[in-house]
Amino acid sequence: MIFFKKKLKELNTVIAGLQEKIFFLERESRKDQAILNSMIEGVVVLAADTRITSLNPTVEKIFGIDAQEATGKLFLEAIRNNELNELVSDVLEKKEFISKEISTVWPLKKHFEINASPILEDKEIRGCLLVIHDITEIRKLETMRRDFVANVSHELKTPLTSIKGFIETLLEGALDDKENSRHFLEIIRDHANRLDSLTQDLLILSSAESKEAQLDLSSIDLKELADKVLLGFKAQLKKKDISIRNEIPAGLTVQADSDKIEQVLTNLIDNAIKFNREKGWVRIYSEETHSKIKVGVEDSGFGIPEKDLPRIFERFYRVDKARSRELGGTGLGLSIVKHIVELHGGSVGLESTEGLGSNFFFSLQKHD
Ligand code: ADP
């Protein structure tokens with residue numbers, strides 16, 4: 001009997017130990033799962049025969065699959081991507097780490113960097129671990145930067161080539177031809193002015209875009225600011241006989257960077273005059289809701305074709321390149337507007353009908 005009791009006690013101790021181990025393993029497994037679930041990267045664990053052991057929610061989203069359904073299936077059955085499947089085969093065969101970039105078109109058009117590692121036990125291959133980083137945004141930014149450099153170079157090259165050409169012509173004898181030499185110098189001056197506007201706009205844009213961009217906030221009276229901006233356009237308005245109304249009510253204020261909002265109004269009013277007809281009109285207005293102040297510049301100008309509307313705030317995007325250049329435009333005015341407004345936490349928008357006119361506006365948060 002005593003022997004039996006002793007054995008029972010021993011058995012209980014073993015059971016208690018086992019329970020503790022099971023609890024420990026369950027806790028560890030929950031911890032691993034929680035880490036996998038919260039990872040931004042996609043993670044897939046495969047056995048040596050490429051059957052899926054586990055995958056996290058990011059992989060579910062990337063490939064539009066369900067973790068429960070996919071688990072236990074062969075990799076290619078669950079994730080129909082040949083490039084990835086080849087990568088898995090290579091890792092299992094060569095037993096070495098491989099990093100590769102792949103693109104998907106379904107369910108989403110994206111770019112990924114895949115880090116694939118063999119899972120080895122005593123030098124035996126036991127499976128493969130895939131870590132998937134979404135690099136779509138990085139690639140997009142790289143393309144944008146490349147396009148931007150190409151655009152800037154092109155914009156600088158055109159006036160520089162002209163300036164060089166006309167200087168050569170003058171040096172080769174045209175200098176003695178009084179009438180023509182003056183005309184050539186005027187062309188050189190116009191191109192130099194274009195280079196000046198372009199570098200100025202590039203500087204404004206880069207300062208608005210920089211992460212360290214600081215806003216010098218103060219309470220600004222919008223009507224007064226718009227009136228001040230309008231003073232600078234007197235000659236332009238007169239030249240095209242354009243009438244302008246500042247309908248912003250007196251005393252309407254926002255907390256904002258005065259110089260920067262002045263730049264926004266300047267660019268919008270400049271466009272409203274530039275792309276307007278003779279004897280046209282421009283209206284500056286505001287609308288107030290309980291949380292926002294909307295300021296708009298409406299014109300009776302050429303308007304913008306519907307197909308160009310979604311891209312109009314992009315850098316260097318112009319409906320009519322030749323016309324914009326002729327009018328002294330750089331193609332950067334609206335992207336400066338967008339950046340400055342977004343720097344203030346606001347948003348920009350427009351309504352436009354080709355041949356009838358445009359209405360550009362921005363909204364700023366109200367502060368009490
Ligand atoms: P820029 O005026 O120097 O060409 P912007 O970035 O200010 O560059 O404007 C981009 C393009 O948007 C212009 O070239 C023009 O085609 C179009 N645009 C802007 N404002 C107006 C407007 N008020 N009316 C018609 N078209 C406009």
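## The pocket

Which pocket holds the space taken by the ligand? That space is the largest pocket. A pocket here is an open set of points on a 1 Å grid over the protein atoms alone, where a 1.4 Å probe fits, with protein on both sides within 12 Å along at least five of seven lines.

This is a predicted model: local features need pLDDT of at least 70, side-chain atom pairs count only at pLDDT 80 or more, and totals for chains, interfaces and linings use all residues. Residues are numbered from 1 along each chain as its sequence is written, and side-chain values use heavy atoms, without hydrogens or water.

## The shell

The ligand is surrounded by 20 residues, each with a heavy atom within 4 Å of it. Asn271, Ser324, Thr330, Gly331 and Leu334 are the closest. By type, the shell has nine nonpolar, eight polar (Gly among them) and three charged residues (Asp, Glu, Lys and Arg count as charged).

H10 gives the largest share, three residues. Helices (at least four residues) and strands (at least two) are DSSP runs.

## Polar contacts

A polar contact pairs N or O atoms within 3.5 Å. The side chain of Lys274 has an N or O atom 3.0 Å from a ligand oxygen. A backbone N or O atom of Gly333 lies 3.2 Å from an oxygen atom of the ligand. A ligand nitrogen is 3.3 Å from a side-chain N or O atom of Ser358.

Alone, the ligand exposes 530 Å², and the protein buries 97% of that (Shrake-Rupley method, 1.4 Å probe).

Terms used. Polar contact = N/O pair within 3.5 Å; in protein donor to acceptor, adjacent residues only side chain to side chain. 1 Å grid on protein atoms, 1.4 Å probe; cavity = no way out; pocket = protein on both sides within 12 Å on 5 of 7 lines; lining within 4 Å. Sits in = over half its atoms within 2 Å of the grid points.
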